[in-house]
Amino acid sequence: MSETVKEPGINKCCQASNRLTNLKNLSEGLEKCQKSLNDYLDSKRNAFPRFFFISDDELLSILGSSDPEAVQEHMIKMFDNIALLRFQVGNENETLAAAMISAEGEVMEFRQATPAEGRVEDWMTAVLAEMRKTNRLITKEAIFRYCETMSRNDWMLVFEGMVVLAATQVWWTWEVEDVFQRVKKGDKQAMKNYAKKMHQQIDDLVTRITKPLSKNDRKKYNTVLIIDVHARDIVDTFVRD
């Protein structure tokens, strides 16, 4: 490059001694570097497959930083609707991932805070395992606590949106199966009674939606209402048939 600056003429630049050989060597060296870089990035992606969802430049920005916060701007690409992780400092001054936050701002606290130390692919794998564990435990708790000590509408406010949707569908499925069992045993009014219950659930939910609610709670109620209406129509079809 320095020689080219001194002699910028194209003829002299191209005819310089060993110029073609040097350019070929540089090109081969660049290809080797690129291959080594690709192999390195592939090894990281194989260790944590969700890195496949982000570009090479984005992955390099994560790997080139020792700060766990470097993953934040890429979380939404690696996880469906998870916008951020919430980090906190542990008792031994270590960084811990304590919760995941959705794009709507809904927070799911991890049952056990996960250290965000060491190689990023290792601690992100641990965070993913804790996400699954926490989600499974909270969903099981929601199913178990369904209408146990509070109304259905109040119960929805205790748990996260996706947990509520999963738990309500589990209970609706069980309730319909239970109704069929009662019909089989001779209770001919079981399906009609259940249809009345579903109509009342929808009326109660519509009444609650008209009251002041947070943006997320209103969206949660609206989504459950749509599913409830669909479920009611199915039950009404059973009654008519």
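**Figure 1. Salt bridge between D154 and R208 in the predicted model.** The side chains of D154 and R208 meet in a salt bridge, with N and O 3.0 Å apart (a salt bridge is a side-chain nitrogen of Lys or Arg within 4 Å of a carboxyl oxygen of Asp or Glu). The pair links distant parts of the chain: D154 belongs to helix α7 (residues 152-158) and R208 to helix α9, 54 residues apart. Helices (H or I, at least four residues) and strands (E, at least two) are DSSP runs, numbered from the N terminus. D154 counts as partly exposed, at 32% relative accessibility; buried means under 20% relative accessible area, exposed over 50%, and partly exposed in between (1.4 Å probe, protein chains only). Residues are numbered from 1 along each chain as its sequence is written, and side-chain values use heavy atoms, with hydrogens and water left out. In this predicted model, local features need pLDDT of at least 70 and side-chain atom pairs count only at pLDDT 80 or more, while totals for chains, interfaces and linings use all residues.

**Figure 2. Salt bridge between K77 and E58.** The closest N and O atoms of K77 and E58 are 2.3 Å apart. K77 lies in helix α5 (residues 75-78) and E58 in helix α4 (residues 56-63), so the pair joins distant parts of the chain, 19 residues apart. K77 is partly exposed, with a relative accessible area of 43%, whereas E58 is buried, at 16%.

**Figure 3. Salt bridge between R86 and E109.** Here the closest N and O atoms are 2.7 Å apart. The pair links distant parts of the chain, with R86 in strand β1 (residues 82-89) and E109 in strand β3 (residues 107-115), 23 residues apart. Both ends count as partly exposed: R86 at 30% relative accessibility and E109 at 39%.

**Figure 4. Network of K44, R119, E121 and D122.** Salt bridges that share partners join these four residues, K44, R119, E121 and D122, into one network. The count for the model comes to 15 salt bridges. Side chains of opposite charge can pair when their charged atoms come close.

Figure 5. A pocket is an open set of points on a 1 Å grid over the protein atoms alone, with protein on both sides within 12 Å along at least five of seven lines, and a cavity is a set of points where a 1.4 Å probe fits but cannot get out; lining residues have an atom within 4 Å of a point. Grid points are joined across faces, edges and corners, and a volume is the space filled by probe spheres set on the points. Of the 25 lining residues, D80, N81, S102, E106 and M162 are the closest to the centre of the largest pocket. At least two residues of the lining come from each of β2 (95-102), β3, α6 (120-145), α8 and α10. By class, the lining divides into 11 nonpolar, six polar and eight charged residues. Ala, Val, Leu, Ile, Met, Phe, Trp, Tyr, Cys and Pro count as nonpolar, Asp, Glu, Lys and Arg as charged, and the others, Gly among them, as polar.

**Figure 6. The largest cavity and its lining.** A search of the whole structure finds one cavity of 30 Å³ or more. The space in the largest cavity is about 60 Å³. Its lining consists of Y146, R152, T168, Q169, W171, W172, E175, Y194, M198, Q201, D228 and A231. The elements that give two or more residues to this lining are α8 (161-184), α9 (190-209) and α10 (215-240). With five residues, α8 gives the most. Six of the lining residues are nonpolar, three polar and three charged.

**Figure 7. E92 in the loop between β1 and β2.** E92 counts as exposed, at 71% relative accessibility. The C-alpha atoms of E92 and D154 are separated by 39 Å, the two residues being 62 apart along the chain. For the setting of this view, the protein has 10 helices and three strands. The C-alpha trace spans about 100 × 50 × 35 Å along its principal axes.
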